[in-house]
Amino acid sequence: MDQIGRLLGYLKPYRKQVVLAVFLLLCVTCTPIAMPLVVRYTIDDVLPHKQWNALNHVFWMIIGLYAVRGGISFALNYLLGWLGQRVVFDLRFQSYRHLNRLSLSYYDTRQTGKIMARLTGDIDTIQYMVSGGFVTFLADVFSVIVLLVVLFLMQWKLAIAAVCVIPFYVLNYKLFIRHIRPLSEKLRERWDALLGILWEKLVGITVVKAFAREEFETDNVMQTIKDNFDLAMTQMKLNRKLGAFAQVIRALGTGLVLWYGGALILKRQMQIGELLAFNGWIASLYDPAVRLVDFNVTLQWAGAAVDRVFETLDTRPEIVDAPNAISVQEMRGAVEFQDVNFGYDGEHPVLHDINLKVNPGEMIAVVGPSGAGKTTFINLIARFYDIQHGKVLIDGIDLKQIRLESIRRQIGIVSQESLLFSVPLKENIRYGRKDATDIEVLQAAKHADLHEFILNLPQGYDTKIGEDGIKLSVGQKQRMSIARATLTDPRILILDDATSALDSKTEANVQMALERLLKGRTSFVIAHRLSTIMNADRIVVIDGGRIVDVGTHSELVARPGVYQNLYNEQYKSAREHSLEALLA
Amino acid sequence: MQNFRRFIKELRAYGRIMLLSVFLTLITATLSLPPPLVVKYLTDHLSTGALQNPSLRVNLIGIFGLLLGTACLSAFFGYWLSVCLTYLGQRFKLDMRRKLYAHMQTLSLGFFEKSQTGKLMSNITNDVAALDQLLSGSLITIVQDTVTLTAVLCILLYQNWQLTLVALIVYPIYILNYLAFIGKIKFTHHEMREQRDMMYGDLQEKLSGVQVVKSYAKERFEVRQFIGETRSIMDLNVRIGGMSTGLWTVAELIGAIGTALLLWYGGREVIRGTMTAGSLMAFYGYIGGYLYGPTLRLIQINDQIARANAALWRIFKTLDMQPNVNDVPNAQPLPPIQGSVHYDHVWFEYEPGQPVIKGINLEVKAGEMVAFVGQSGSGKTTLINLLQRHYDVTDGKILVDGHDIREVQLASLRQQVGVVIQETILFNTTLRENIRYGKLDATEEQIIAAARAANIHHVIEAQPKGYDTKIGEDGTKLSGGEKQRIAIARALLSDPRILILDEATSSLDSETEALIQEALDRLLAGRTSFVIAHRLSTIVKADKIVVMEKGIIREVGSHDELLALDGVYAGLYNQQFKVALEEHAA
Ligand SMILES: Nc1ncnc2c1ncn2[C@@H]1O[C@H](COP(=O)(O)OP(=O)(O)OP(=O)(O)O)[C@@H](O)[C@H]1O
Ligand SMILES: Nc1ncnc2c1ncn2[C@@H]1O[C@H](COP(=O)(O)OP(=O)(O)OP(=O)(O)O)[C@@H](O)[C@H]1O
Ligand SMILES: [Mg+2]
């Protein structure tokens, strides 16, 4: 709950507006106090003494009162609405910016659906609280204080009668809230889980359908929704019980006031108009108290939402620029690994004692069994993760001393799984360099052997490719990623199994273009099809997280080891068959 | 409006509980009526004039009892009313979500390709929630307030119809005011929702593609873009807020005029002696709390109705979406198959006018291994997607064991055709559950056997938690090849009669691949298999190699036949084995 205080901190930049709002709020709360006074005046003075003129005054008093109230409350509500939206805007913006700063390891362990929920549902809830419930709450607190003062000034005995039920209110509230709060929290968690599941199963619908698991999935999701339902019911019942008791307590208060007030009138210590005014006032006194219960529901939800949003904001990105980090303007492309050890969770090492020195302009191939650590190895160059031991140097400078952005701008990565966005082809290619001209985009597409295909589409470069490029074949997606990477003219290019879905002919075309394009640039290529990498300057063989061999193709093929085995396996059948063919 | 009619129809199933709610509403509404009458009683009995008259005895304890009694009753019934309403709303949400989600599940892949996942999500979550608000909040307010309004109007008219008419003079202005604002509010609301959906869609995409955003150091760009979107949403929201407040404020003002008129006119009557002060006070109480209040509330509800209307529209749009692939009315389940497949003049297009498969003819005998090679984008994946009937052919037909696949039950077909799709999709549970997805009632031994065959068992065993390791969303914590092997294990577990491997081993090194191949040969003996691969070593021993090019079949034959043909395949072969062949020749 103390997080709410922090939320209020977001109001600081709008201090002036807040002060104005508070002032307006004070003015507005005066109206419920004034109206009963008018009534009292009418009943006690105007009517018994038959003052016709005063009756006209009453008329204009009311109109004037509400005209002023209307003006002020419009201004107030508008202002508050604006403030709420503004705070939410700031919060959402900050959260998103922060999410963008967080490193990949954050995303590894969280479901996108849940991260989404922070930015959408949670923040919406907060907004609802800030510009809805919270304001009412403030107004209520104000009017309760003012009313109490007025009541005691008017008739302190009656005021005591009105106030004496308030402890019951508090007690009632305290008793119930203890049970409601944990439920709210649980409810929220379940809801989150539901979002996670929904998300995943909608994204993975292909698999669901391929295994004809539609019914199973529906049942599965329904189970979670059902859990939600049960919890919500329990929570709601408790809340309503709390409300029902509050209502009774309120009637008790009103009854007491009328009873005691009536007695006072009989004793001629008071007039009826005053009692009626009191009746009006205590309504304004108890109403907020009942509302407080409702506000409590909002507050529960919002409080939890605030907690989670701040939790996200408080997660520190693991990878940040060192305070004195430098920008490398023109990277030459020398990369050096010194005694690098790395594990994703710090406990189970994936890479051991990696030592490698790569000269600018070299093409380095990385091969090895699946799961050996190849992707991990090259991910370290772009500093997606920080290493626990050892150093990675680029152009002789420790990676941790260079500004992240300046490295990543100069490294082109085509990752194992192509990720595209649902914008037109052109924009996808241009993602790495927004200011590229159409001609440059076209060139990049040509290099990736895509130009012809795109031209054949009715909308050409403006074709929309669907979410994550779903309307393209996998090979086309890979080539899109390649085009996107080459457009940025990277000093270091990393191709992580980036041509696995290409036939050898297309692959050869792409490779030829890349060779020309990347003359003098360092490149890292991971591939399982050995024909892809045979003419690399050096081939690094990784097995079990260690570099087990380094050399050119002909060197490696000549000596027994992982590479030779892979080679034999891949060409065994070819040799056999060509032998047959020779014999035939 | 049409949407609402349909909505009401949906509500039929909840008729009983709704009736109960309405009944309870009537009770609580009635129980809320006494307080102004109490005021009247008190005023009439305790006014300065009345106090002179000793014959008028005032029963204060009775008043106290009455107030407390009605409050207790009203709290009791109110509680049950809330329970009913909550149940109704929650139940409705539950059923609606089930309906929506189940319906989405029946839709074919084409639908999902066109919709952003974020929007679908919001359909199930936000839109349904908006309906719940309408149902358990607004609808009841409408009933309750209408009841109160009528009851109070009757009481008032009966007591003093002239005074009532005076109080009602302002009503037409009320309504005019309402009409003046509402159109605009509705419109803006719609616009806002639309923008918000768009933002959600974008957001989701960029969050799942965060690796790309980071690779290109585009964080700042994305944030800037996001600001633009949220800012325009904020502006719209502020505008809506402004308009609603305006509507509300003016309504309140009009109400005040009515009250003022009442006190003025009623006051004259009291002075004249034609009415008691108590009656005036009762009027005052009823008008403020029971007439204008409910009317104001009814007006405010409109905001919610506008929202619900938009939600209804979207929900029904989804529900009305028909799957393009459907069981024909009297479809029979596909009996256990041998596994022969016949593509008969198959044409197919994703977008009208752009055929992707152009008249393919292909006979596959049961038990054969068929390999597909060919340029990227030539239609290989499409061809096998057709076999699982994710799409229907545009022309021609596909026969499995002589059954046209459009005439058998979809589920029975897919259960017998197992596929490892090109882009591996795994779920965020444990390794065991991911593999088990292929066969939900598989035993532990079967799971392990499948994992062994996919050559992933030893990797799983090496994990600290073994088969209980959670693998992160879409298997982020696994390497590319490990994911593929899990997917293979999953498909193997389902024990299909026809197995399709769409580049299922592209991320595997050849040695691992060979091990898997060996296991597959053993497990799939006698089963039909379709294998797509670019690494030719994967497919040299296929019974039949199909070379595709731009949607047609260029060559078919065994490896040796195709080499002898010296066509496209031979070209690919030479390209890939150039070095090896040269070395061999040397
Ligand atoms: N959902 C879709 N909507 C529209 N067009 C599509 C869709 N899926 C594929 N296509 C188009 O159909 C053609 C064939 O695609 P397909 O995925 O079958 O190719 P492929 O032979 O499997 O290629 P690859 O080897 O690259 O995976 C491509 O040109 C692609 O752009
Ligand atoms: N984000 C992650 N969190 C935890 N463990 C991971 C993560 N990514 C990979 N691993 C583990 O690290 C090991 C090496 O993975 P990596 O992706 O580097 O393999 P790879 O050599 O690229 O394999 P492949 O050829 O199959 O793609 C694997 O055992 C994998 O399970
Ligand atoms: Mg494909």
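This is a predicted model: local features need pLDDT of at least 70, side-chain atom pairs count only at pLDDT 80 or more; totals for chains, interfaces and linings use all residues.
Residues are numbered from 1 along each chain as its sequence is written, chains are lettered from A and ligands numbered from 1 in the order in which they are written, and side-chain values use heavy atoms, with hydrogens and water left out.

The size of an interface is often given as the accessible area lost when the parts come together. Here buried area is the accessible area (1.4 Å probe) that two parts lose on being put together, summed over both. For chain B and chain A the value is about 15400 Å², with 69% of it on carbon and sulfur atoms. Polar contacts were also counted; each is a pair of N or O atoms within 3.5 Å, and within protein one atom must be able to donate a hydrogen and the other to accept it, while residues adjacent in sequence count only if both atoms are side-chain atoms. The rule finds 21 residue pairs in polar contact across the interface, both residues being at pLDDT 80 or more. Helices are DSSP runs (H or I) of at least four residues and strands are runs (E) of at least two, numbered from the N terminus.

Salt bridges were assigned where a side-chain nitrogen of Lys or Arg lies within 4 Å of a carboxyl oxygen of Asp or Glu. The whole structure contains 45 salt bridges over all chains, and 6 salt bridges are counted between chain B and chain A. A:Asp124 and B:Arg196 form a salt bridge with an N to O distance of 3.3 Å. B:Glu423 and A:Lys477 form another salt bridge, at 2.9 Å from N to O. This pair crosses between chains, with B:Glu423 in the loop between β6 and α15 of chain B and A:Lys477 in helix α16 (residues 474–487) of chain A. Accessibility was classed as buried under 20% relative accessible area, exposed over 50% and partly exposed in between (1.4 Å probe, protein chains only). B:Glu423 is partly exposed at 31%, whereas A:Lys477 is buried at 2%. A network of salt bridges links A:Asp321, A:Arg403, A:Glu405, A:Arg409 and B:Arg220.

In chain A, the closest N and O atoms of A:Asp314 and A:Arg6 are 3.0 Å apart in a salt bridge. A:Asp314 belongs to helix α10 (residues 272–314) and A:Arg6 to helix α1 (residues 2–9), 308 residues apart. Both residues are partly exposed, A:Asp314 at 42% and A:Arg6 at 32%. In chain B, B:Arg6 and B:Asp320 meet in a salt bridge at 2.9 Å, N to O. This pair links helix α1 (residues 2–11) with helix α12 (residues 277–320), across 314 residues. B:Arg6 is partly exposed at 29%, and B:Asp320 is partly exposed at 43%.

The magnesium ion (ligand 3) is coordinated by B:Thr381 (OG1) and B:Gln422 (OE1), at 1.9 to 2.2 Å. B:Thr381 lies in helix α13 (residues 380–387) and B:Gln422 in the loop between β6 (417–420) and α15 (431–436), so the pair ties together parts of chain B that are 41 residues apart in sequence. Donors are N, O and S atoms within 2.8 Å of the metal (3.2 Å for Na, K and Ca); water is not among the atoms, so sites may look incomplete. B:Thr381 is partly exposed at 26%, whereas B:Gln422 is buried at 13%.

B:Leu536 occupies the loop between β8 (528–532) and β9 (544–549) of chain B and is buried, with a relative accessible area of 1%. Apart from neighbours within four places in sequence, B:Leu536 contacts B:Val373, B:Tyr569, B:Leu572, B:Tyr573, B:Gln576 and B:Phe577. B:Gln416, in helix α14 (residues 410–416) of chain B, is buried at 12% relative accessibility.

How values were computed. Contact means heavy atoms within 4.5 Å.
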